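Please open the model in your viewer and keep the selection tool at hand.

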Amino acid sequence: MQVERLSWSELVPHIGIEEVNDELDKRTTRIFDDLRQVASVCNEDGTLIVRLKARKNEFILARDQYLRTVLHLAAGIGHTRLLKCLVHAGAPINVRDGIGQTALTISLHKNNDAASVFLIESGACVQEYYYENTVSPLAIAKLHKNDIVEFLEKRIGDEKRVLDHVSKFFPKKISGSPVDMNVDHVNHKENFSRALNINIGDQKNTVTVIGCANACPDIYGCHTPGTGDFHNRGYLNETVARIGGQGGFWHVVENVMKRPTVNPTSFKQKFKDNNYNNNEEALYDYEDGLSIAMIKEFEKSSFFPSKSDLASCLLKTGNHNNVLLSKFKEWQESSKGDAIFNYQVNLVNDLIPLSRWYKESIRNGNGHAIEAVWMLCPELYAQIGKTNYRDESLIHIVNFATKWPLAYRKLFQRNRTVNIEGIQGKQLADDEWVEDHLVYPVKKYAKGQTSFSVLEMMSCSSNLLELDRKMYKSREAFNIHRTRRHCTPPSLYDQLKVAQFASKEEWFVDKGHPVVYKYAWGENTLKGGEAVSSRSIDARTKGKEKLQLEFLSFLHRKFPNEMK
């Protein structure tokens with residue numbers, strides 16, 4: 001049996017208690033010497049960090065008999081460059097050895113101010129309570145008369161002010177007792193500041209949060225990405241439009257509905273100008289038009305119930321629903337051999353309604369329904385080739401279905417929307433509220449600032465946080481909308497034009513078409529009989545098959561610490 005990754009207690013039965021300490025020291029020293037050798041041949045820090053990340057699984061658990069890690073050893077010999085690169089590669093920064101020393105306290109003992117400042121700025125704990133069984137960083141700095149005493153005192157004071165301010169909003173103290181901030185203790189009951197923090201944002205936010213949590217779990221393991229429903233709705237609309245685009249959507253929007261602002265580019269740039277609303281309205285009007293055409297074709301078919309069938313159903317149930325639905329399903333089943341019929345029916349029955357369901361779930365604050373939509377998104381993203389959207393949705397599904405404590409899941413279900421006006425059906429997604437009512441108004445009067453920089457400033461300033469709380473309560477503070485005044489165009493006329501076009505093209509008549517044919521749009525010219533990409537045909541079924549093949553590798557990529 002391999003003993004390279006076994007702990008002290010696990011090694012004893014295999015090699016005996018007399019040999020354990022020697023084995024641990026040899027193992028850790030060998031790994032550290034290898035890392036020093038790698039550092040000596042890498043001239044650029046970026047290259048060294050990449051090389052170290054590749055060996056993270058090897059060095060992350062290495063401890064000698066005194067429980068020192070490779071970060072402790074780098075601090076001990078004053079190898080500042082290796083120490084910095086190890087931290088960037090994911091080495092836990094606040095791990096304590098057998099006598100309570102961290103890489104920071106060792107660097108201070110060695111009078112290595114450069115390494116000490118870097119560790120402090122990278123998140124090393126400086127509070128006295130963390131060093132209950134040893135000498136605190138400030139005491140060490142004063143003892144050795146380090147040049148960073150003033151810097152340390154300022155850091156401790158800044159952290160205390162932040163903790164005091166934030167503690168006003170918590171029922172208990174944030175740090176009631178000494179708490180080990182190592183990865184094994186981040187869920188300590190008294191450590192409320194390190195409890196699970198749900199960070200809501202878009203796909204880039206998800207990648208950043210999950211990346212930090214994986215790289216430095218002892219520092220960022222308490223952070224988890226939350227779903228950005230406003231952004232994901234835009235991604236879903238784009239995906240549905242791409243699936244239905246070649247088979248008629250792009251052509252109909254341009255030539256039948258006459259909406260020049262809706263096109264493939266507007267879906268790619270969904271968050272610019274008023275594209276988001278225009279795109280969504282076009283999708284919904286297209287679906288309604290197809291629905292009208294489909295119902296009219298059903299009415300003309302032999303499957304439509306007779307007057308006696310309708311009368312019988314009305315007598316039994318008080319309405320015609322049962323017989324109409326059963327016959328409608330039979331009609332659709334009978335035409336499954338026609339590729340065009342199936343393609344358009346899938347859009348009307350499965351895909352565009354998913355976007356409507358999502359929007360209404362948000363507007364009514366239904367957290368359960370929103371979760372259900374997320375569970376249907378990955379298969380579509382996988383099929384259409386949007387791997388970043390696919391990974392984001394899978395990350396959220398794994399988190400709320402398996403990783404999060406049930407209480408957090410319930411909390412997020414009930415608080416993932418915001419109601420500014422207090423009117424039922426007017427809820428906003430959390431990230432929609434942030435963009436429309438917080439970031440945009442601030443950016444309007446702070447030119448040159450990105451969304452991230454504005455939120456970063458707010459996160460770091462207690463004054464801005466308090467201002468944010470006051471703004472949240474005041475509707476007048478947000479009397480700005482990020483789009484121009486928006487008037488929804490009359491829909492029925494366009495819907496009837498779409499229905500007329502679909503009926504003329506016989507999309508819902510079983511003609512036994514073997515393939516779905518493309519329609520021209522924009523400047524695209526097509527050869528006669530050119531077929532729609534196979535990627536857009538039966539997208540959900542094919543997407544499920546892809547997910548089954550890709551899911552295990554996804555777990556290893558995005559949840560490496562849990563898959564060890």
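Begin with glutamate 280, which counts as buried because its relative accessibility is 2%, under the 20% cut-off. The model is a predicted one.

Glutamate 280 and arginine 233 form a salt bridge, in which the closest N and O atoms are 2.8 Å apart. This pair links distant parts of the chain: glutamate 280 lies in helix H15 and arginine 233 in helix H13, 47 residues apart.

Remain with helix H13 and select aspartate 229, together with arginine 416. These two residues form a salt bridge, with 3.3 Å between the closest N and O atoms. Here too distant parts of the chain are linked, since arginine 416 sits in the loop between helix H21 (406-415) and strand S3 (417-418), 187 residues from aspartate 229. Both aspartate 229 and arginine 416 are buried.

Now display the largest cavity, which has a volume of about 40 Å³. Which residues line the largest cavity? Select Gly234, Asn237, Glu238, Phe267, Lys270, Tyr276 and Asn279 to show the lining. Helix H13 (229-255) and helix H15 (275-300) are the elements that give two or more residues to this lining. The largest share, three residues, comes from H13. By class, the lining has two nonpolar, three polar and two charged residues.

Ring pairs link Tyr276 with Phe230, Tyr235, Phe271, Tyr381 and Tyr389.

Then move along helix H15 to glutamate 299 and lysine 296, which both lie in this helix, three residues apart, about one turn of the helix. Their side chains meet in a salt bridge at 3.1 Å, N to O. Glutamate 299 counts as partly exposed at 39% relative accessibility, and lysine 296 is partly exposed with a relative accessible area of 44%.

For a salt-bridge network, select Arg30, Asp34, Arg55 and Glu58, which are joined by bridges that share partners. The structure holds 34 salt bridges.

The charged end of arginine 356 sits over the ring of tyrosine 284, 4.5 Å from its centre. The charged end of arginine 96 sits over the ring of tyrosine 130, 4.2 Å from its centre.

The last stop concerns ring pairs, of which the count comes to 23. Select phenylalanine 501 and tryptophan 507: their ring centres are 5.6 Å apart and their planes stand at 80 degrees, so the pair is edge-to-face. Both phenylalanine 501 and tryptophan 507 are buried.

How values were computed. Residues are numbered from 1 along each chain as its sequence is written. This is a predicted model: local features need pLDDT of at least 70, side-chain atom pairs count only at pLDDT 80 or more; totals for chains, interfaces and linings use all residues. Side-chain values use heavy atoms; hydrogens and water are left out. On a 1 Å grid over the protein atoms alone, a cavity is a set of points where a 1.4 Å probe fits but cannot get out, and a pocket is an open set with protein on both sides within 12 Å along at least five of seven lines; lining residues have an atom within 4 Å of a point. Grid points are joined across faces, edges and corners, and a volume is the space filled by probe spheres set on the points. Helices (H or I, at least four residues) and strands (E, at least two) are DSSP runs, numbered from the N terminus. Ala, Val, Leu, Ile, Met, Phe, Trp, Tyr, Cys and Pro count as nonpolar, Asp, Glu, Lys and Arg as charged, and the others, Gly among them, as polar. Rings of Phe, Tyr and Trp (its six-membered ring) pair if their centres lie within 6.5 Å; planes under 30 degrees apart count as stacked, over 60 as edge-to-face and the rest as tilted. Buried means under 20% relative accessible area, exposed over 50%, partly exposed in between (1.4 Å probe, protein chains only). A charge sits over a ring if NZ of Lys or CZ of Arg is within 6 Å of the ring centre and within 35 degrees of the ring normal. A salt bridge is a side-chain nitrogen of Lys or Arg within 4 Å of a carboxyl oxygen of Asp or Glu.
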